[in-house]
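Me: I have just opened this model and would like a guided look at it. Could we begin with the surface?

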Amino acid sequence: MYLSKFDSIMLALERTYFIYLLLMVLWLIFWQTQHLLIGCLLIYLIIRVFFLSVYHFPIMIILLTCFSLSILHQEEHRQDLRALDLEGKSAQLDLILDPSDLKWSQNQVNGQTDIQFEGQELTIQWQYFTQDSEEKLARLKQTGSHLHLKGHFNRPAPARNFGLFDYQDYLAKQGLFWQFQVDELELIDQGTQLLLLPSQIRLHILNRIKLDYPGHWLSLHQKLMWNQDSEIYQAWRPGLAQLGILHFFAISGYHIYFIQSRLKSLFYRMGAPKILIDTCIFFFILFYAFLIGWPFGVQRILALMLFKLLKNSFNLPFTNLDGLSVITIVQLICNPNILFNLSFVLSYFMTIILMFYQPVAKQKKRPFQVQFELSLLCLLFSWPLMVQMNFSFNPMQLITVLSVSFLFDRVIMPLMMGTSLILLFLPSLSPLLTSLDHLLASQIMLGSWDDLLNWSQIWTGTMELTSFLLLYLFAFLAMFFLTRSKKALATMMVLIYFIIFWLVPICRAYDRLTIIDVGQGDALCYQSAWNQETWLIDTGGHYLFDPEKKGKIDNQHANRVLIPALRALGVKQINGLILTHPDIDHVGNFIALGQTIPIDQVYISEYTFQSSFFDQVRQVQNTLKINKINILVPGSLLQVNDKIQIASLSLDLSLKDPDLSNDSSLLCLIQMKYASFLNLGDLSLARESALIKQLPQWSANIIKLGHHGSKTSSSELLLNHFRPELAFISAGANNHYGHPHIEVLERLQAQQISYLNTGYLGAIQYIDENGGWVRQVQHLEKKD
């Protein structure tokens, strides 16, 4: 069919309009330049409006106006909330609890609620560490009540290392600026609450799908079919994410389409008219959405179903893309914060891909080819988003996704639906489900892929904006050429896409030093240009706070703090690890790190080798991914390469000196293009003078102060000798040692030495580029 020039322009705008919207959403999530981008988005939408017919024009103008007003109102409200100062304020709150809004995690429960406080409406996240009776907790979970809460407000904790999940920012994007820590919780029984009646009906139905034993199959079933979380599902989640199939086991529009198609097929066989079928299915899905808590994907499907019902009933002149566009803007008007929700973004991405690929799929006769191309496109568009969360990319996920995609429609979903039917209507047959539990408990599905996935994993770290945009450019081009049956060009775009992913970790032409914020401790990562080498000086570490486990190392601290921070920096393996001395705040994370990330060379002092900590290392040595451990005797100097030197000062190890551990600290000098960096461990004032005598040839214009800025280190003699331009301090926020001490800071100020403290700023990074500059987690600043 011949298209006029006007029709061609309008078709192009139809196709690019929503894609542009999604690009804006992505930018808003990761780079937060929201005012400029929202302005660009509105300008584009207005341009598109002028190419619409008279039927569309009033609708789109109204929607765009409402959207603009909603954004302005939202921003004004945000400013008011930011201006509030509620830190540490005590309060007593009364609220009516809907149990379906609660999230349980071991001995903690939390939820969201809207309150009035000091004349201001605000939404808060509240949390309570449960120490109550089983009867009270069961009542809280099952029935809902009028609650009386006593507690205090605090700000959510921000991210303290580069690229990691920022809980404060995450909540702020939902309009939540304050948490409420509940100290006392009292349930007030006021009889049946009319407001809670729908919730109690929902809970009554959902309780029918739960059995007394928490099986693996049932846990996946409850999440996939009923949006119910569990500890077993949380244990499966990392494995499912590594396989790239996590989205299959969380309710989305894809699952609703499957249920919808099966119901349609059933009703058609019964001979029901189409309008009746569509109406019945719509109300069924509406009730189902109520049961599962209204996920974004289900909201979209419901809105599209209603749109198609109205369109077919009244012969409205709208396309499916018009419907999706209107639904999107209505959702944004109701809640602009969903722009920052990853589920919202991925949900609409998949819908757009299906919408553009569907006409092509109908022309192809090979189902496997359609499934392969569709899975590939979904991965191309979701990988960059997932990399920003997981810092890694695995091309082998294409195989796992294809395998599960093939089984999902044919095996998994029918079994899941059958499980729901058994639990709801034939509970006497529920013992049959135990065989599925035994199959999943053996973890056959995950175990067979584990080694292959680890081998093919590419750790990218946090991507730069340029790489991110290039990936989406070539993903769009691949989809464009596939929809036009130009396979050679599409293949070329996919290959370039993979090459970009492969180049991301190595396309950095400068050295960088990162002082990782591990709390009260030390951990420093040095990465050379083009990612040729990665070195780590100390690992940080904490003791457990549990009084019953006093003196035991917190082995999970590395998994919570150090390892994610290294992954965000793109660290796949460590060429060299220097453990300065055996204090736990410097080496406590070593065992967990060595069990997770391969380490080629470890350098320790003779004192560390003889310490009780290293006795613990020997007990688990077979589990460590370490090639060699090198021991430096006192008085030795090791030139590792043209950039790194390690020294162990002369020391009498027979002395019974309480500072012997600190004074045994290995020293490290790193020479870069624009700077020389000196790491001092916990060296004391007396040993600093020994450093100057034994290594007079060393010079550095950047130093990391010894012993976290304690007054027992960083003497005037040391500062006068090296005359550094910049000093780094690694200390915990609000630590009870008082680090850094005021005396040390006064010494720095007297010599006009700039300093940066992780306790105030979070992680600090020196970039050896263009004369050298420094950035913190929250700020940028040039090094003078």
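Reply: A nonpolar surface patch of about 520 Å² is formed by Leu421, Phe425, Leu426, Leu429 and Leu432. Patch members have over 30% relative accessible area and no salt bridge, with nonpolar side chains (Val, Leu, Ile, Met, Phe, Trp, Tyr) joined within 5 Å and like charges within 9 Å. Accessible areas come from the Shrake-Rupley method with a 1.4 Å probe, and for residues only the protein chains shown count as cover.

Me: Where is Leu421 found?
Reply: Leu421 belongs to helix 15, residues 397-425. Helices (H or I, at least four residues) and strands (E, at least two) are DSSP runs, numbered from the N terminus.

Me: What should I know about the model itself?
Reply: This is a predicted model, in which local features need pLDDT of at least 70 and side-chain atom pairs count only at pLDDT 80 or more, while totals for chains, interfaces and linings use all residues. Residues are numbered from 1 along each chain as its sequence is written, and side-chain values use heavy atoms, leaving out hydrogens and water.

Me: How many salt bridges are there in the whole structure?
Reply: A search of the whole structure finds nine. A salt bridge is a side-chain nitrogen of Lys or Arg within 4 Å of a carboxyl oxygen of Asp or Glu.

Me: Which residue meets Arg160 in a salt bridge?
Reply: Asp517 does, at 2.5 Å from N to O. The pair links distant parts of the chain, 357 residues apart. Arg160 is in the loop between strand 5 (146-154) and helix 5 (167-172), and Asp517 is in the loop between strand 9 (511-515) and strand 10 (524-527).

Me: Is Asp517 buried or exposed?
Reply: Asp517 is buried, with a relative accessible area of 5%, whereas Arg160 is partly exposed at 27%. Buried means under 20% relative accessible area, exposed over 50%, and partly exposed in between (1.4 Å probe, protein chains only).

Me: What about Asp278 and Lys264?
Reply: Their side chains form a salt bridge, 3.9 Å from N to O. Asp278 lies in helix 10 (residues 274-292) and Lys264 in helix 9 (residues 253-269), so the pair ties together parts 14 residues apart in sequence. Asp278 is buried at 12% relative accessible area, and Lys264 is partly exposed at 24%. Lys264, Lys274 and Asp278 are linked in a network of salt bridges.

Me: Which other residues of helix 10 are buried?
Reply: Besides Asp278, the buried residues include Ile277, Ile281, Phe282, Ile285 and Tyr288. The buried residues of helix 10 pack against helix 6 (197-207), helix 7 (216-226), helix 9 and helix 11 (296-314); contact means heavy atoms within 4.5 Å.

Me: What follows helix 10?
Reply: Gly293 follows, and its phi is positive, near 90 degrees.

Me: How far apart are Arg618 and Asp615 along helix 24?
Reply: They are three residues apart in helix 24 (residues 612-619), so about one helical turn separates them. Arg618 forms a salt bridge with Asp615, the closest N and O atoms being 2.6 Å apart. Arg618 is partly exposed at 33% relative accessibility, and Asp615 is partly exposed at 38%.

Me: And the protein as a whole?
Reply: The protein has 29 helices and 24 strands. Buried residues make up 52% of its 784 residues. Its accessible surface comes to about 37300 Å², of which 59% belongs to carbon and sulfur atoms.
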